[in-house]
Amino acid sequence: MSLITPFDPWKNSLCTCPFKYSLSAYTGCVHGCLYCYASSYIRNFSLARAKKDFLARLKREIKKIPQNSIITLASSSDPYQPLEKKLRLTRESLKIFENYKLRINIVTKSSLILEDSDILRNLERVTVSISLTTLDEKLAKKLEPYASSPNQKLRAIEELSKYIPVIVRFDPLIYELNTSEIPKIVKIIKSAGAKQIITSTYKIKPDNFKRMLKIFPEYKNLWEKLYLAEGEKRNGYVYLPEYLRKKLISLVRLIVLGENLKFSCCREGFANLNTANCDGSSLLD
Ligand code: SF4
């Protein structure tokens, strides 16, 4: 099986990403995000492991990828989780990319990425997407127990923004757990130097909903009413009802545009609201 694969192998009809490839050095992730979607389709997800012969295979496969292709690291396992500190497979991948004409987007919830600043500065076309869900340190510890804290992420956004375009994935919006933070988060992201904000609402998968209810039992009635009674099933996920998703996404958009940032939403069915490619790849042009 190839390491570098076309993104979105299931061809989700709500996905509006331009064609791109996806590459993960690791299978599984230890950040432990309650809302994680990838845990529903990757076996033993919390037991992160490196892919076999990763670097040797990458060196072979990269030669076949067309020039100017977009490669995302990574779509379902964080490229800067603790294993990276030991194995440095993401770092070595970036060194390999230095020899090719590619467009690279790195998606992470970890400030460990700052240790690769020396290489990131040298890559011709690279963007970094940092995921930020809340500014509340206590809430973050419950939602994403082993990812970097909100303050560490903000520091990473600030540092990286000094020399490359940074996108912030302000998602998922979890009604009403983090939605009161919308104005504050957008403003702080802007002042940290990001160029684009991507957002999306939380979608239920059976395993993530179980984890969410275990930690936030006080939201059980609200979420069951909104998702299970009034929500809609799309592509194997349960979404909030459309009126509420549109309201939340439009609120983020209004504030983002007021701050002169690019805006997009991910897999919501509101591509008409986007002012740039949904995945931030316009910043790689
Ligand atoms: S960082 Fe991403 S892949 Fe890892 S647990 Fe969190 S949501 Fe899942």
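When I call a residue buried, I mean that 20 or more other C-beta atoms lie within 10 Å of its own, the C-beta atoms being placed from the backbone. Please also keep in mind that this is a predicted model.

With that term in hand, consider strand β9, residues 196-201.

Strand β8, residues 166-173, pairs with β9 in the parallel sense, over five bridges. Within that pairing, Arg 169 has Ile 198 of β9 as its bridge partner.

Both strands belong to an open sheet of eight strands, with the order β1-β2-β5-β6-β7-β8-β9-β12 and mixed pairing. Which strands form the edges? They are β1 (5-6) and β12 (262-265), each of which pairs on one side only. Elsewhere in the sheet, β6 (residues 103-108) and β7 (residues 126-131) run parallel and are joined by five bridges. There, Asn 105 stands opposite Thr 127 in β7.

Let me turn to the helices. Helix α6, residues 150-161, and helix α7, residues 182-192, have axes that come within 8 Å and cross at roughly 35°. On the α6 side the contact is made by Leu 154, Ile 157, Glu 158 and Ser 161, and on the α7 side by Ile 188, Ile 189 and Ala 192. By class, that contact comprises five nonpolar residues, one polar and one charged.

Next, the ligand. The residues surrounding it include Cys 29, His 31, Gly 32, Cys 33 and Cys 36, together with Ser 76, Ser 77, Asp 78 and Lys 109. Ala 38 and Ala 147 also belong to this shell. The shell divides into five nonpolar, four polar and two charged residues.

Finally, the protein as a whole. It has ten helices and twelve strands. Its radius of gyration is 18 Å, close to the 19 Å that the globule rule gives for 285 residues, so the protein is as compact as a globular protein of that length. Of those 285 residues, 42% count as buried. Among contacts with a separation of 6 or more, 72% are between residues 24 or more positions apart.

Key
Residues numbered from 1 in each chain as written. Predicted model: local features only at pLDDT ≥ 70, side-chain atom pairs only at ≥ 80, totals over all residues. Near = placed C-beta within 6 Å. Nonpolar A, V, L, I, M, F, W, Y, C, P; charged D, E, K, R; others polar. Helix = DSSP H or I, 4+ residues; strand = E, 2+ residues; numbered from the N terminus. Rg over C-alpha atoms; globule rule 2.2 N^0.38 Å. Buried ≥ 20, exposed ≤ 12 C-beta atoms within 10 Å, placed from the backbone. Contact = placed C-beta atoms within 7 Å. Pairing = 2+ DSSP bridges. Axes fitted to C-alpha atoms, helices over the stretch in contact; angles between N-to-C directions.
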